[in-house]
Amino acid sequence: MNSFAMGRYIPYHSFLHKMDPRAKIFCLIVLMVAVFMPFVSWQMVAVMAGVAFLLISGLLLASHMSILQLLSSLKSLWLMIVFLLIIYILTPRSNHSLPVAFVMWNYTVYWDSFAEAGRILIRLMLMIELSLILTATTKPLDLTFALEWYLTPLKWIGFPSHVVAMTITLALRFIPTILEDVNRIMKAQSSRGVDFEHGKLGAKFRAVISLIVPLFVSSFIRSDELANAMECRGYDPKAKRTRYRQLHFSWLDLLWTLLASGIAVLFIYVSVVHFDGFVSWFHLETNLV
Amino acid sequence: MPINFSNVFYVYNPKSPFQYEALRNVNLTLDEGKFIALVGRTGSGKSTLISHLNALLHPTSGEVVIDDFINAADKRKRSRDVRGLRKKVGLVFQFPEYQLFEETVEKDVAFGPKNFGLGNQEALKQAHEALQVVGLDPTFYERSPFELSGGEKRKVAIAGILAIRPTVLIVDEPTAGLDPRAAEETMALFQKIHSEGTTIILVTHDMNLVLHYAEDVVVMENGEIALHCTPGELFGRDLSPYSLEVPDIYRFARDLQRFGLKIDTSKLHGVEDLALAIKEAYPHE
């Protein structure tokens, strides 16, 4: 069974692992904004996507994630790609900047449709990579601490941010445990002749039922036991809590935060100022010189 | 149905920080029709080993031959008929009660036979027979497995495997979490199945069970086979390197030996044997 699931924390010692999770979440959001900035001309889109791609690939390398594994994650995106292409091809466009791709029953399809689908795809890919970097380099617990920290302002208006954070922590904590359960039950049912991979639709349905029912039962038992164990140790959601592991925001974190913000600002600037493709960009450079 | 492991290695999560070598160069032959105990400390590779017998895991290198089924690292050499293998080798996992899912006991027990191609009637017939073997009477047939007690659930789950009628039965810690009486009943059940010709492989931490029931014992240590001998030979040795406990009867017999009673420990299997040995050894007036 593949227990090396996507989005799992992988322990290494890169600078990304050492970064403060709050800074990391901030950088992630800011870089996502950058990736999602619209640009007017296709050339500019290509250039900026290239820049973002290089940047994120660098981060991937730094966090010891294998590019191959990421590419395999794209496999699950192919349905999306097909869907996007169909949508964009079927959407009639009045203003097109690229030549005609083909004509189908009096319906003209421009290369714009493909470029648009490609752009969305690249954005999605970059976004997935960014979030994978976050989850692969941050321990789930640190992640929830950071989330709780971001929810602090809501605490002032009576939002139970600690309870929410605790729920998220527990949910994250039990993902591997439940995956283990899945694994164990699948093995047990396979021994009873269930085929999870092949078989007709009806057989597959029964196979899934034979997995889901025991999984629910054991999850309910587990949550019941967990609740009892927490209560036995005097857990009170309203109590003021201290933390064993403190988060430290160092000057390096500040530096990365500023750097990421800088990159985002650059992207936003390029997007807002509407450079008109390569020509004007070079033009600008010559002007500057 | 002979079982043979040759040079079997198994690595979990290869080429990642979670890499873990669970089996290291395992060479093992298990004879047909025997009652074999598989012992070793937690994490020594027992569960990984038995998973190979049901083709739930494939070796990273080496091969396992179960009768005519080949479970090899090389995909081309591997046999295709996994279903046939699983019909012959029944595997009862630890805490098997967690695999119950049907609305009624008889349906759950009949689930296995049905998967192996039996019709509804026939599957139910085999289910009823298996339930009778584990000692659950017809009043249980229509009940929901989720409303039974822990021991009864365990029996239903074991019946679910027995209904498939395997020729090799592997049980992983069948007595864990059962009260002493239920544990004894469960073991007596396996003894009975064994006497009818089924090979039994029992994974356990309880050396009393090993001494009482097993004909052969395999000791695992760090993914390797440390010993393969009879329980008598095993308990005659120093057990400290394997972190195994000495069975109660042996401990008692050794205490008696220290007080000068001549007892041959190699023939002890149960309390009766010990009583007999004491009677013989006791100096007659």
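Two strands pair if DSSP finds at least two bridges between them. The views below show a predicted model, in which local features need pLDDT of at least 70 and side-chain atom pairs count only at pLDDT 80 or more, while totals for chains, interfaces and linings use all residues. Residues are numbered from 1 along each chain as its sequence is written, with chains lettered from A and ligands numbered from 1 in the order in which they are written.

**View 1. Welcome to the open sheet of chain B.** Here 6 strands line up as S6-S7-S8-S3-S9-S10 with mixed pairing; strands (E, at least two residues) and helices (H or I, at least four) are DSSP runs numbered from the N terminus. Strand S6 (89–92) and strand S10 (224–229) each have a single partner strand, so one side of each is left without a neighbour in the sheet. From one strand to the next, the twist averages 15 degrees.

View 2. Strand S9 (residues 216–221) of chain B pairs with S10(B) in the antiparallel sense over 5 bridges. Look for Met220(B), whose bridge partner in S10(B) is Ile225(B).

**View 3. Inside the largest nonpolar core.** A nonpolar core is a set of buried Ala, Val, Leu, Ile, Met, Phe, Trp, Tyr and Cys residues joined through C-beta atoms within 7 Å, where buried means that 20 or more other C-beta atoms, placed from the backbone, lie within 10 Å of a residue's own. This core has 85 residues, and Ile36(B) and Leu202(B) are among those touching the most other members. Helix H5 (residues 150–162) of chain B gives the largest share, 6 residues.

**View 4. Two helices side by side in chain A.** Helix H2 (residues 21–35) and helix H6 (residues 111–137) of chain A pack at about 175 degrees, their axes 10 Å apart; axes are lines fitted to C-alpha atoms over the stretch in contact, and angles run from 0 to 180 degrees between N-to-C directions. H2(A) and H6(A) are therefore roughly antiparallel, a term for angles over 145 degrees. Residues in contact (C-beta atoms, placed from the backbone, within 7 Å) include Leu28(A) of H2(A) and Leu130(A) of H6(A).

**View 5. Where chain A meets chain B.** The contact takes 20 residues from chain A and 22 residues from chain B. On the side of chain A, helix H8 (161–191) and helix H9 (201–232) each give two or more residues, and H8(A) gives the most, with 7 residues.

Technical notes: Two residues are in contact if their C-beta atoms, placed from the backbone, lie within 7 Å. Angles under 35 degrees count as roughly parallel, over 145 as roughly antiparallel, 65 to 115 as roughly perpendicular and the rest as oblique. A residue is buried if 20 or more other C-beta atoms lie within 10 Å of its own, exposed if 12 or fewer, and partly exposed in between; C-beta atoms are placed from the backbone.
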